[in-house]
Amino acid sequence: MKIQPSDAPLLNWTGDTLALGLFEDAVALTGDLAKLDQLFAGVLKELIAEEEFTAKAYSTIFTRVTGSSSIRKVILVGLGKAEALKAETLRRAAAAVARVAKKQKSKNLGLSFPLWNNDSAATAQAIAEGTQLALFQDNRFKSEPEDKGIKIETIDLLGLSGQEAAITRADQIVSGVNLARELVAAPANEVTPITLAETAQAIATEHGLQLQILEREDCEKLGMGAFLGVAQASELPPKFIHLTYKPQGTAKRKLAIIGKGLTFDSGGLNIKGAGSGIEIMKIDMGGAGATFGAAKAIAQIKPDVEVHFISAATENMISGHAMHPGDILKASNGKTIEVNNTDAEGRLTLADALVYADKLGVDAIVDLATLTGACVVALGEDIGGLFTPDDAIASQIEQAAESAGEKIWRMPMEEKYFEGLKSGIADMKNTGPRPGGSITASLFLKQFVKDTPWAHLDVAGPVWADKDNGYNSAGATGYGVRTLVNWVLAQ
């Protein structure tokens, strides 16, 4: 499929299917739309009336066009109120159009949308992202692809001539999102610590990044007792993955992105029981998926910012070597941890990853983790939780997420809640009381960062969709990639 800008006037465009974006307060056809309706013998006005179409955001209607027109079908998509138009509105409207066009077996699609903020580049990028995100399909584990019909071959962005660079930027970002989707969607017998390291190697080789893989012995030398405590039950070796993008010139900033990389989480000896979602615990590396997806996108965009992409990858399994509830682990910064729940393992792996990143001398650190069910209870399945003591980095992440169209909400870090993590025999426990579980988890992580500005994103909810989320049906969402890319580019 090729997405391309077009300088063809709306009235002169020829192709299979034409999609028109309409505002709620401008459903009445005027100007070129009125002339187009005349060419279509009044079918658009008739369709709007018959379907009682109000142009509510992302709503769609379509009809076949007969007569002398070279266009076979027309799709109308709602954009909501004109004053509320955002890039995300265009992104989701384009996704809705793409899915209708695919279902209608369109080969050539033309989109005519209004500009957002008088910005042709941002408009083109949003539309290109939306269509590609919606048309992604993962058939890797099907013996035969479900979709054997006609596919969309070309998409023309009308009125956006000269925006090839914006479309390329969309391609680069979506390639990262789709990598994250594939990593998170793949079962635990396909994505393992070994294959996750191989994915990092493939990114490094293709895009010229530096890669360091620390094996178990390397981690032992660095004193990563928290990470290795989680890893010790698995028959698969742990892999501490450090992928580095460096710009050709002098880097303006130096950043680290850390993704929780539990390729499967059984819960350990505190095994996950019935109703715990153990069958979906392949998604517990959603943070790592977003991290490496962002690495792929950033490596193509080539900003003048140095970025370190890190994941302590392992499984949390059960065997005769498993860590026990009550064990005491020592992290690489010397802090001791009483393990009172082996199913709170992600924060243990992140602890050593945070210490490692902190020693790199970076200007800021962001970690992403499918860390707590408590955050899902607090914010639902669509919104990620943002935890940070630093207002500046909080603002940066919030702006990056807003631009990306990924929902995020800053949560409190109530210091007194750390009392619930105190241990009588170690520096801390790895879990606290049930209330405020996502807050105590973030306070735990805070113990492993010294003075570097740091933010933690709890993405347990939005990395997976149980139902259609507007961009794809149930499955991995690639959440976090676009926010991370925007954050890096804004530095």
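Mentor: Leu 269, Ile 271 and Ile 318 make up a nonpolar patch on the surface, and together they have about 260 Å² of accessible area. This is a predicted model, in which local features need pLDDT of at least 70 and side-chain atom pairs count only at pLDDT 80 or more, while totals for chains, interfaces and linings use all residues. Residues are numbered from 1 along each chain as its sequence is written, and side-chain values use heavy atoms, leaving out hydrogens and water.

A patch takes residues with over 30% relative accessible area and no salt bridge; like charges are joined within 9 Å, and nonpolar side chains (Val, Leu, Ile, Met, Phe, Trp, Tyr) within 5 Å. A salt bridge is a side-chain nitrogen of Lys or Arg within 4 Å of a carboxyl oxygen of Asp or Glu. Accessible areas come from the Shrake-Rupley method with a 1.4 Å probe, and for residues only the protein chains shown count as cover.

Ile 318 is partly exposed, at a relative accessible area of 39%; buried means under 20%, exposed over 50%, and partly exposed in between (1.4 Å probe, protein chains only). Ile 318 belongs to the loop between strand E11 (306-316) and strand E12 (328-330). Strands (E, at least two residues) and helices (H or I, at least four) are DSSP runs, numbered from the N terminus.

E12 leads on to a sheet. Three strands form this open sheet, in the order E12-E13-E17, with mixed pairing. E12 and strand E17 (428-429) are at the edges with a single partner strand each, so one side of each has no neighbour in the sheet. Two strands pair if DSSP finds at least two bridges between them; E12 and strand E13 (residues 336-338) run antiparallel and are joined by three bridges. Within this pair, Leu 329 has Ile 337 of E13 as its bridge partner.

The largest nonpolar core has 92 residues, and Leu 111 and Trp 487 have the most contacts inside it. Helix H5 (residues 164-185) gives the largest share of this core, eleven residues. A nonpolar core is a set of buried Ala, Val, Leu, Ile, Met, Phe, Trp, Tyr and Cys residues joined through side-chain atoms within 4.5 Å.

Strand E5 (residues 108-112) has four of its five residues buried, so E5 is largely enclosed by the rest of the structure. E5 runs parallel to strand E2 (residues 17-22), with four bridges joining them.
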